[in-house]
Each structure stands twice: as structure tokens, then as C-alpha cells.
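This report examines the fold of one protein chain, from its overall plan to individual residues. Please consult the sequence and the structure while reading.

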Amino acid sequence: MDQANTTAELLMHLGEQLRAQRLRMNLTLDEVAQSAGVSINAVRRLEAGDGSSLSSFVSVLKVLGRADWLSTLKPAVTINPLDMLRQRGPRQRARKPQQPKED
């Protein structure tokens, strides 16, 4: 998906994906709505890209077996900050051990 897409275009694309998934599962609007505990109009609005509540969206995703889509919203942790603190860069200089001072 391109960064230049408008919010309306993104919602429409998302709605198309939801509708396609519902049809692949051979579910009616009514079946999805009842299983998700939302109104048929809420499912219709989601599929049309008109939006709905976030709660309705998540409920419909769960019914369609696509709650895993939500995991794509969180970034994967690739670097552990604690490991970065423990690592030191390559030495730049050699140094002789200090001799104890004699008083």
C-alpha cells in the first residue's frame, strides 16, 4: 500500500479485504454480525469503507479468523537496548597497566 493513500482509500481497501474474507468463509452479513455481536449495518459500513467503531472492527476480525492482522500493527523488536548497552565498540587505543604509586 502506498503512503499517499487517503484515509478514505485505506478504509475502502480494508473493507474490501474484510468482504473478501467473509465470502471466502461463505458467511452472510447476518452470520458475521450475530457472531461478532454487532449490527448488520456495522458490518456493512466496515465492508463499504465507511468506518465503524474500533470495537466492531476487532469483533468482526475475530469472527473472520483474522485477528492476526492486528499483530502487524506493532513493530517487531529487532534490537534489545540492554544488549546495546552491554556491547562496547572496538578498542581505539592500547594502554599500559598503571603502576602502583609509591609514597
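## Overall plan

The structure is a predicted model. The protein chain contains five helices and zero strands, and its pattern along the sequence is α-α-α-α-α. Of its 103 residues, 21% count as buried.

The accessible surface of the chain amounts to about 8,700 Å², and carbon and sulfur atoms account for 52% of that surface. Among contacts between residues at least 6 apart in sequence, 48% join residues at least 24 apart.

## Helix H1

Helix H1 comprises residues 7-24. Its 18 residues reach 26 Å from the first C-alpha to the last, close to the 26 Å expected at 1.5 Å a residue. Just after H1, asparagine 26 adopts a positive phi of about 60°.

Which residues of H1 are buried? They are Gly15, Leu18, Gln21 and Arg22. These residues lie on the same side of H1, because they cover an arc of only 125° around the axis.

## Helix H3

In H3, the buried residues are Ala42, Val43, Leu46 and Glu47. They too are placed on the same side of their helix, because the arc that they cover around the axis is only 130°. The packing partners of these buried residues are H1, H2 and H4.

Just after H3, glycine 49 takes a positive phi of about 80°.

Arginine 22 is located in helix H1. Is this residue buried or exposed? Arginine 22 has a relative accessible area of 7%; because the limit for a buried residue is under 20%, arginine 22 counts as buried. Residues up to four places away in sequence aside, arginine 22 touches Leu27, Thr28, Leu29, Val32, Glu47 and Leu64. One of these partners, Glu47, is itself among the buried residues of H3.

Arginine 45 lies in helix H3. Its relative accessibility is 36%, so it counts as partly exposed, a class that runs between the limits of 20% and 50%. With residues up to four places away in sequence again left out, arginine 45 touches Asp50, Gly51 and Ser52. The C-alpha atoms of arginine 45 and glycine 15 are 8.2 Å apart, although 30 residues separate the two along the chain. Glycine 15 is one of the buried residues of H1.

## The nonpolar core

The largest nonpolar core has 14 residues. Within it, the residues with the most contacts are Leu18, Val38, Val43 and Val60. Each of H2, H3 and H4 supplies at least two residues of this core, and H2 gives the most, with four residues.

Which residues does valine 43 contact, leaving aside its neighbours within four places in sequence? Its partners are Leu29, Val32, Ala33, Val38 and Val60. Two of them, Leu29 and Val32, are also touched by arginine 22.

Key
Residues numbered from 1 in each chain as written. Predicted model: local features only at pLDDT ≥ 70, side-chain atom pairs only at ≥ 80, totals over all residues. Heavy atoms only, no water. Buried < 20%, exposed > 50% of the residue type's maximum accessible area, 1.4 Å probe, protein only. Contact = heavy atoms within 4.5 Å. Expected span 1.5 Å × (residues − 1). Arc of directions from axis to C-beta. Core = buried A, V, L, I, M, F, W, Y, C linked by side-chain atoms within 4.5 Å. Areas by Shrake-Rupley, 256 points an atom, 1.4 Å probe, with all protein chains shown as cover.
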